[in-house]
Amino acid sequence: MKFLRSLPQDTGFFETYAKLHRPVKTTGIFAQVVSAATEVSIIYALSYQALSPILPEIAVYLAGLVAALGTITIEGGLRVTTPQAVDAVLYGRFAGLHLVMSIAVFVVVILLGAASGVLSFKNSDTIVENLTAPAAGREKLAADSLYAGLQAEATAQWKADSATIAAKWATLLDGQGSAYSGRIAAAKTDLANIRRKEARTGNSYATQKDNAKAAIAALEAEKAGKLAELEAGKAAELDDARASFRGRSAGYEQEYKDAAGAIESGQEEKVAKYGGGLGYFTVVCLIIFFASVILDRVHHKGSGIAETVEVSQYDVNPHWFTNLKDAVRDRWNYALQSRITAFADRTPPPPLPKQPAQLYDPTQLANITVVLKVEQDGAAGEDENVIYIQPKRRQIGFRTGETQEDSTDSPCDLYNAREHEKETPKRTHETTDLRHLKQRLKEYKKRLGSHTQKKLKLERAGKEVPARTIQAIDNNREWVQHYTDLINQAEGRKA
């Protein structure tokens, strides 16, 4: 299908706005490109958010496909329906069926235009945020690195200070402990000497022993107090170092928070500043698109350019997919049917049936009475159970064998069997069974001729005759012989 345009009828109007026509049309295309670029990302984000819980492996590809199709639907629909809506107003297509089409076109244009404007405007902030995110990320990374370095330095200083404090106080504690241990040992030695002296002399030195024991207890108590005092000093100094470390760490953390907050606030200001501007720019682009379409259609009408449609045979014929589907279906049916037919042709006819056995009904032979009567002139009747015989007469004269054979009036002919087939009288009447036998004979002769012709054709072509064909020829020949014998028997019985 081709859309043809005629030459302008009003050349003055055409030439007046000819320079405006092409730039305006190009501007409309550019405006649609901007709208499409601002729409596709938000459609992709929404699609990915909806599909990722269901199909996480292929959600990226499906979301991209949905975004592309959605954008093409919106912008392509606007490109097709907007000129029709403008033409409906210019040419007054608001009567009859034109009214229905015009209303439908206006509804589609309004819906697609609203979707394009809302998606582009809402996505402007996201676009600016994504564009400014790398710079903000680098700044935040630098702040993170600085904070991590300061924290590591403070931690290392705290570890060094705590180790120094612990070593210093450990030396003091060891010294004081050793000093008091020596004094306690000396006091214990004095107590031991008193006990030995008491053992040697046999006197009692209870007062001296009590004084020695009291001195030992006093030294142990003094040692414990001195060590506790040293431990308290150690803890106090460690607390001061820990407080200093926490103060430094808190200061570094606050500086990091301030820097990160400044980075985030700066990014938000950029998004608010540039995102709003981009959103209004997309709205302007949408307005430019509608304006370009309106000016283009007005220029066509004012110039008197008529549009005609050239229909080709391909537009009338069924779609190529329909033809392809029908062709595949027909080829499939042909392949199946041809194979079924070939399989049926190779199937031999059924074998000859078993020779039927004779069956007699004895009830039909019982209680049959035969009456013998002498045949007289005019006395012959048609009674089934009456046999008329001629009276035996003495032979007078002589008859030769030749004369006897030629005679047909001899009463013995009734009991003599025919010796020659040619003497059997021919009859034109045929029974139903005989007609059936002849029909079957005709069918098998036809089959025998068909398979024989096939064999001859293959032999003339120099090809090998299949075993099925030879078997079919033999089988049909047997059937022909079988039905020939049955027909001869039936005709002999009739005779």
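Trainee: Which helix holds threonine 282?

Mentor: This is a predicted model, in which local features need pLDDT of at least 70, side-chain atom pairs count only at pLDDT 80 or more, and totals for chains, interfaces and linings use all residues. Residues are numbered from 1 along each chain as its sequence is written, and side-chain values use heavy atoms, with hydrogens and water left out. Helices are DSSP runs (H or I, at least four residues) numbered from the N terminus. On that basis, threonine 282 sits in helix α5.

Trainee: Is threonine 282 buried or exposed?

Mentor: Buried means under 20% relative accessible area, exposed over 50%, and partly exposed in between (1.4 Å probe, protein chains only). Threonine 282 has a relative accessible area of 2%, so the residue is buried.

Trainee: And what about lysine 445, buried, partly exposed or exposed?

Mentor: Lysine 445 belongs to helix α9, residues 432–460. Its relative accessible area is 48%, so lysine 445 is partly exposed.

Trainee: How many Å lie between the C-alpha atoms of lysine 445 and tryptophan 479?

Mentor: In sequence, lysine 445 and tryptophan 479 are 34 residues apart. In space, their C-alpha to C-alpha distance is 8.6 Å.

Trainee: Which residues does isoleucine 43 contact, leaving aside its neighbours within four places in sequence?

Mentor: Contact means heavy atoms within 4.5 Å. With those sequence neighbours set aside, the partners of isoleucine 43 are Val66, Ala67, Gly70, Thr71 and Leu119.

Methods. Helix = DSSP H or I, 4+ residues; strand = E, 2+ residues; numbered from the N terminus.
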